[in-house]
Amino acid sequence: MISPDSVGQLALRLYRARKDRSQVPQLSRELAGLSIEDAYAIQREWVRLERSDGRVIRGYKVGLTSSTLQMALQATEPTCAPLMDDMFFESGADIPAAAFIAPRVEVELAFVLERSLQGPGVTVDDVLRATAYVAPALELIDARIEQLDRETRQPRKLVDVICDFGAAAGVVMGSTRVEPDALDLRWTGAILHKNDLIEETGLGAAVLGHPALSVAWLANTIGALERGLQAGDILLAGSFTKPVAAAHGDVLRADYGPLGCLSFKLA
């Protein structure tokens, strides 16, 4: 475990990196013994700094919900991170490209709770009963920590991703709302276009076999890290496509079929 002073210094570095739109070197190379517990402590301290600016937590995201990503980062379970209120945008919006460093886009389902969820022991059925509605969403992910080390070109490690808010940077919510048991969420699909070209397609089953299972994992994990899941929280269950790089001028549009379409432009 690293010292509380080190936790504070590293969190402040990341807090400033988000504000300045600049990247910092991989923390895992600077501190070879950085643990997952340390990484979540840094993430929580960063949240405290954001909240001191008046920001509030609107929900959480789950990451690394596919076996491929877990193997790539040598992870044995997903990751989680908070979603702050200034990360949310409406569908159809022009989003400033300058707000990001290296933005990429993922296709997700968002669960909006009407009742709190507190682990341990939360099941898929518990998640479905506690959910007011499910909506389509696009997540913008970013890298305040270098994805490739500037000297060795080695990819960042799991602890870097956790420290870096799980790469959370933006959320575009769709307007369609469905009750959680109205559709088989495993078969909910989407087609992601960039500038009218299809970049990715996927199904909800890519998220741990069922997106609600991802939320159950979150509920059973988050109590030990944060305040638990509360009514009104927006929960991103995890991407069911590969991330698609985006740059200034790009228009991203996701077609969810019966759940409608949502889009934004990096302006």
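Contact, throughout these legends, means heavy atoms within 4.5 Å. This is a predicted model, in which local features need pLDDT of at least 70 and side-chain atom pairs count only at pLDDT 80 or more, while totals for chains, interfaces and linings use all residues. Residues are numbered from 1 along each chain as its sequence is written, and side-chain values use heavy atoms, with hydrogens and water left out.

**View 1. E146 and its contacts in a loop.** Look for E146 in the loop between β6 (131–141) and α6; helices (H or I, at least four residues) and strands (E, at least two) are DSSP runs, numbered from the N terminus. Leaving aside neighbours within four places in sequence, E146 is in contact with Q23, V24, P25, Q26 and R156. With a relative accessible area of 8%, E146 is buried; the classes are buried under 20%, exposed over 50% and partly exposed in between, using a 1.4 Å probe and protein chains only.

View 2. Helix α3 covers residues 36–52, and its 17 residues should span 24 Å at 1.5 Å a residue, which agrees with the 25 Å between its end C-alpha atoms. The expected span is 1.5 Å times one less than the number of residues. Buried residues of α3 include Y40, W46, V47 and L49, and also the charged D38, E45 and E50. The packing partners of the buried residues are α1 (4–20), α2 (27–30), β1 (57–63), β2 (79–84) and α6 (158–163). After α3 comes G54, whose phi is positive, near 100°.

**View 3. M84 in strand β2.** M84 has its place in strand β2, and counts as buried at 0% relative accessibility. Setting aside neighbours within four places in sequence, M84 is in contact with V47, E50, R51, R55, V56, I57 and F165. Two of these, V47 and E50, are also among the buried residues of α3.

**View 4. Two cysteines without a bond.** The structure holds zero disulfides, a disulfide being a pair of cysteine sulfur atoms within 2.5 Å.

View 5. A pocket here is an open set of points on a 1 Å grid over the protein atoms alone, where a 1.4 Å probe fits, with protein on both sides within 12 Å along at least five of seven lines; lining residues have an atom within 4 Å of a point. Of the 17 lining residues, R18, R21, D86, A99 and A169 lie nearest the centre. Helix α1 gives the largest share of the lining, four residues. The lining divides into eight nonpolar, no polar and nine charged residues.

**View 6. A190 in strand β8.** A190 sits in strand β8 (residues 189–194) and is buried, at 4% relative accessibility.
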